[in-house]
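My entries follow in the order in which I made them.

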Amino acid sequence: MNPKLDKIKMIFIDIDGTLYNTEKQVTEYTKNVLNKIKDKGIYVVLCSGRSSSSVCKVSKNVNASKYLIANNGAFVYNYIDDIDIFASKIEKGILQKIWNLCEKEKLELIIEAKYQEYINMNEIILRMELDKYIKIDKIDDIENKKIFQIVINIEKDSKYNNIKEIISNEEKIWTPNYGKGTKSFFLDINNKNIDKGIGIRHLIKNLGIKKEETIGFGDGVNDLAMFRECGIGVAMENAKEELKNTADYITLTNDEDGVAKFIEKNIL
């Protein structure tokens with residue numbers, strides 16, 4: 001048994017492909033294990049590339065701790081007491097530049113603020129959650145909003161590589177997460193050097209927790225940053241190979257309650 005596992009005070013868990021199974025659900029077994037670990041005084045914090053409103057919804061559903069890390073680390077939030085612990089706001093000039101690019105290339109754009117997500121195309125509403133998005137016609141419509149992350153959805157492989165290269169040449173932004181989703185390719189865009197690890201660093205400093213007292217569970221390329229800032233990194237069996245290669249442990253898949261099984265065996 002790794003002695004570090006006896007010192008864990010905070011657990012960071014990615015959502016998609018990690019906490020969620022392929023049906024986008026969390027089993028009652030996993031929820032029960034998370035509640036047991038909380039009863040031991042250990043924080044359970046969801047750490048995701050999703051928007052803060054989405055992460056908050058999942059966090060409440062599984063009765064996780066009151067802290068969350070959203071937008072690939074751009075926003076760290078105490079959602080019970082409504083306290084912003086860390087926020088990395090994308091400047092208007094960058095928003096306008098990405099908006100213009102998406103308008104020119106006819107690409108879906110999702111702009112993520114604290115409580116709301118904004119879109120440039122009604123087609124997104126037609127195929128996703130109806131009450132989740134607000135359609136805007138120009139960036140000036142949200143000039144008073146703090147925007148933490150932009151997501152571009154791209155259908156064609158060739159166009160995806162081209163847009164990814166364009167973003168990579170920008171000095172102030174980058175893509176901490178990218179790849180093939182269920183229906184299209186996607187690019188998560190944040191301020192340069194913002195990632196899940198930065199969010200973790202801010203939260204543990206705020207709470208006085210040491211790096212060696214933390215453990216992270218993930219499956220994707222954006223979880224490499226999580227492992228960088230956690231004392232222990234646990235990759236799902238279904239994780240990307242590059243993440244599994246850096247992990248301290250590999251647990252069962254997300255369809256086999258891999259997170260809960262590891263916690264129950266090694267921490268509880």
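**Gly73.** I found Gly73 in the loop between strand 3 (67–70) and strand 4 (75–78). For elements I use DSSP runs numbered from the N terminus, with helices being H or I of at least four residues and strands E of at least two. Gly73 counts as buried because its relative accessibility is 0%; buried means under 20% relative accessible area, exposed over 50%, and partly exposed in between (1.4 Å probe, protein chains only). I listed its contacts (heavy atoms within 4.5 Å), leaving aside neighbours within four places in sequence: Ser48, Phe86, Ile194, Asp195, Lys196 and Gly199. I also took the C-alpha separation of Gly73 and Leu109, which are 36 residues apart along the chain, and got 20 Å.

**Ground rules and confidence.** The model is predicted, with local features needing pLDDT of at least 70 and side-chain atom pairs counting only at pLDDT 80 or more, while totals for chains, interfaces and linings use all residues. Residues are numbered from 1 along each chain as its sequence is written, and side-chain values use heavy atoms, with hydrogens and water left out. I read pLDDT as the predictor's confidence in each residue, from 0 to 100. The chain has a mean of 92, and 96% of its residues reach 70 or more. Where pLDDT is low, predicted coordinates should not be read in detail.

**Strand 9.** I checked the cover of strand 9 (residues 147–154) and found eight of its eight residues buried. Strands pair here if DSSP finds at least two bridges between them. Strand 9 runs antiparallel to strand 6 (residues 108–113), with six bridges joining them; Ala113 has Ile147 of strand 9 as its bridge partner. With strand 11 (residues 185–191), strand 9 pairs in the antiparallel sense over five bridges, and there Ile152 is partnered by Leu187.

**Helix 3.** The buried residues of helix 3 are Ser52, Ser54, Val55, Cys56, Val58 and Ser59. I traced what they pack against: helix 1, strand 2 (43–47), strand 3, strand 4 and strand 6. Asn63, which follows helix 3, has a positive phi near 60 degrees.

**Largest pocket.** I use a 1 Å grid over the protein atoms alone; a pocket is an open set of points with protein on both sides within 12 Å along at least five of seven lines, and lining residues have an atom within 4 Å of a point. The largest pocket has a volume of about 1,700 Å³, volume being the space filled by probe spheres set on the points. Its lining has 49 residues, of which Asp16, Lys24, Arg50, Thr182 and Phe186 are the closest to its centre. Helix 3 gives the most to this lining, with five residues. By class I noted 12 nonpolar, 21 polar and 16 charged residues; Asp, Glu, Lys and Arg count as charged, Ala, Val, Leu, Ile, Met, Phe, Trp, Tyr, Cys and Pro as nonpolar, and the others, Gly among them, as polar.

**Two lysines.** Most residues other than glycine have a negative phi. Lys24, in the loop between helix 1 and helix 2 (28–39), has a positive phi near 60 degrees. Lys24 counts as partly exposed because its relative accessibility is 46%. Lys106, in the loop between helix 4 (92–105) and strand 6, has a positive phi near 55 degrees. With a relative accessible area of 68%, Lys106 is exposed.

Terms used:
1 Å grid on protein atoms, 1.4 Å probe; cavity = no way out; pocket = protein on both sides within 12 Å on 5 of 7 lines; lining within 4 Å.
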